[in-house]
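Hi,

Here is the structure I promised to hand over. Please have a look at it first, then read my notes below.

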Amino acid sequence: MSLTIRPYRTVAALAAAIQQGDRRALAKALSLVESKRKQDIALTVELLERLYPRTGTAYRIGISGMPGVGKSTFVNAFGMYLIERHRYTIAVLAIDPSSVRSGGSILGDKTRMWDLARHPGAFIRPSPSSGMLGGIAPATREAVLLCEAAGFDVIFVETVGVGQTDTAIADIVDFVLLFLLANAGDELQGIKRGIMEIADAIIINKADGKLRSLAEQARRHLVSALRLLVPPTAPWKPPVLLCSAVEHTGFDEIWATIHRYFTDDATAPLRQQRRREQQLRWFHQAIQQSLTHLFYSHPDIQPLLPEYEEKIRSQQLLPLKGAYELLQRFQTSL
Ligand SMILES: Nc1nc2c(ncn2[C@@H]2O[C@H](COP(=O)(O)OP(=O)(O)O)[C@@H](O)[C@H]2O)c(=O)[nH]1
Ligand SMILES: [Mg+2]
């Protein structure tokens with residue numbers, strides 16, 4: 001029996017505990033899906049196969065935007081709002097950039113989400129952002145499914161917030177909230193299409209105090225910018241909404257927007273198509289991730305890497321040649 005799932009004796013027992021809402025079982029499973037060990041990968045597959053029929057029912061919501069815009073503050077306050085107003089249960093998967101700075105500590109976002117962290121209707125899982133791809137961690141998709149099987153109604157995925165490259169979130173959630181600030185006039189100008197294109201709603205946060213009127217100005221600006229970006233026939237046009245995560249304003253409208261997206265007949269084909277495409281991407285990304293891992297951890301390859309890197313750094317070796325040499329070696333060792 002794998003150490004990873006102890007004290008659960010079988011994957012079936014672990015799966016059953018997760019479905020019964022056992023938080024310890026969920027935490028175990030979340031560690032399991034992050035593991036790269038061969039036997040753990042087999043267990044992960046078995047576990048997800050068992051739980052998969054229980055998934056697909058939650059609101060999967062991505063929270064994107066530059067560090068400091070107030071994503072964690074928002075998730076905490078808005079999560080509490082959903083619990084109190086709608087009696088929902090909330091899971092938060094937070095990719096925490098502070099874990100890099102503080103060398104492995106993942107306290108950063110948990111302290112920001114203080115109210116949610118101690119509420120029995122919520123579950124918060126911070127992931128260190130090491131090894132992340134496009135703003136999310138390698139196993140975030142699997143983590144979403146686990147939380148869903150555990151019965152959570154709403155799942156927030158807070159990205160690391162690196163901005164422009166933060167688009168991988170769209171591969172794993174149904175709805176992306178992009179957070180912006182009003183005073184970042186230049187930032188608004190400089191926003192790349194990529195991140196705008198994945199936004200299903202744009203939230204101008206910190207619309208409080210002196211920033212309120214600036215936020216309204218920014219909203220008008222963004223609404224006209226979006227008019228150029230989104231075809232008039234599109235089944236969903238991302239609205240621009242004002243919010244103060246600190247004063248808890250704008251929450252009704254934000255929830256109404258999300259709810260409308262999930263229940264509107266006009267968006268049904270869009271929602272279904274997105275989930276279908278996500279399945280395919282999951283397949284291909286799993287292959288890519290596994291191949292990459294197999295290659296870099298291969299006993300014939302790993303010891304050679306430092307030497308190759310050094311030669312490439314000192315320009316003694318063409319990077320392409322180095323890559324092909326190692327790939328050749330890898331292939332013949334299979
Ligand atoms: N005035 C104001 N400050 C906010 C608001 N939301 C967050 N903040 C502050 O902005 C800072 C960064 O917030 P945080 O939630 O950590 O941002 P994140 O990096 O996007 O997760 C903190 O000091 C928050 O208190 C808001 O709506 N209004
Ligand atoms: Mg944060």
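**Helix pairs**

Helices α2 and α8 are roughly antiparallel to each other; the class covers angles over 145 degrees, against under 35 for roughly parallel, 65 to 115 for roughly perpendicular and oblique for the rest. Their axes cross at roughly 160° and come within 9 Å. Axes here are lines fitted to C-alpha atoms, for helices over the stretch in contact, with angles from 0 to 180 degrees between N-to-C directions. α2 spans residues 23–34 and α8 residues 140–149. Helices are DSSP runs of H or I with at least four residues, strands are runs of E with at least two, and both are numbered from the N terminus.

A word on provenance. This is a predicted model, in which local features need pLDDT of at least 70, side-chain atom pairs count only at pLDDT 80 or more, and totals for chains, interfaces and linings use all residues. Residues are numbered from 1 along each chain as its sequence is written, while chains are lettered from A and ligands numbered from 1 in the order in which they are written.

Back to α2 and α8. On the α2 side, Leu-26, Ala-29, Leu-30 and Val-33 make the contact. Contact requires C-beta atoms, placed from the backbone, within 7 Å of each other.

A second pair is α14 (residues 305–313) with α15 (residues 319–332). Here the axes come within 10 Å and cross at roughly 165°. That makes α14 roughly antiparallel to α15. This crossing is right-handed too. Tyr-308, Lys-311 and Ile-312 of α14 meet Pro-319, Gly-322 and Leu-326 of α15.

**Strands**

β6 (residues 201–205) is mostly covered, with 5 of its 5 residues buried. Buried means 20 or more other C-beta atoms within 10 Å of the residue's own; exposed means 12 or fewer, partly exposed is in between, and C-beta atoms are placed from the backbone. Side chains in a regular strand alternate between the two faces of the sheet. In β6, Ala-201, Ile-203 and Asn-205 point one way, and Ile-202 and Ile-204 the other.

What does β6 pair with? β5 (residues 175–181) runs parallel to β6 over 5 bridges, and β7 (residues 240–242) pairs with β6 in the parallel sense over 3 bridges. Pairing takes at least two DSSP bridges between the strands. Ile-202 is the bridge partner of Leu-178, and Leu-242 that of Ile-204. From β6 the chain crosses through α11 (residues 211–229) to β7, a right-handed β-α-β crossover. Right-handed here means a clockwise path from the first strand over the helix to the second, with the strands pointing away from the viewer.

β4 (residues 154–158) also has 5 of its 5 residues buried. Val-154, Phe-156 and Glu-158 lie on one side, Ile-155 and Val-157 on the other. β1 (residues 59–65) runs parallel to β4, joined by 5 bridges. Glu-158 is the bridge partner of Ile-63.

**One residue and the totals**

Arg-274 sits in α13 (residues 268–297). Arg-274 is partly exposed because 17 other C-beta atoms lie within 10 Å. Its C-alpha atom is 7.4 Å from that of Asp-174, 100 residues away along the chain.

Overall, the protein has 15 helices and 7 strands. Of its 334 residues, 37% are buried. Among contacts between residues at least 6 apart in sequence, 74% join residues at least 24 apart.

Best wishes

How values were computed: Left-handed = near helix turned anticlockwise from the far one by under 90°. Contact = placed C-beta atoms within 7 Å.
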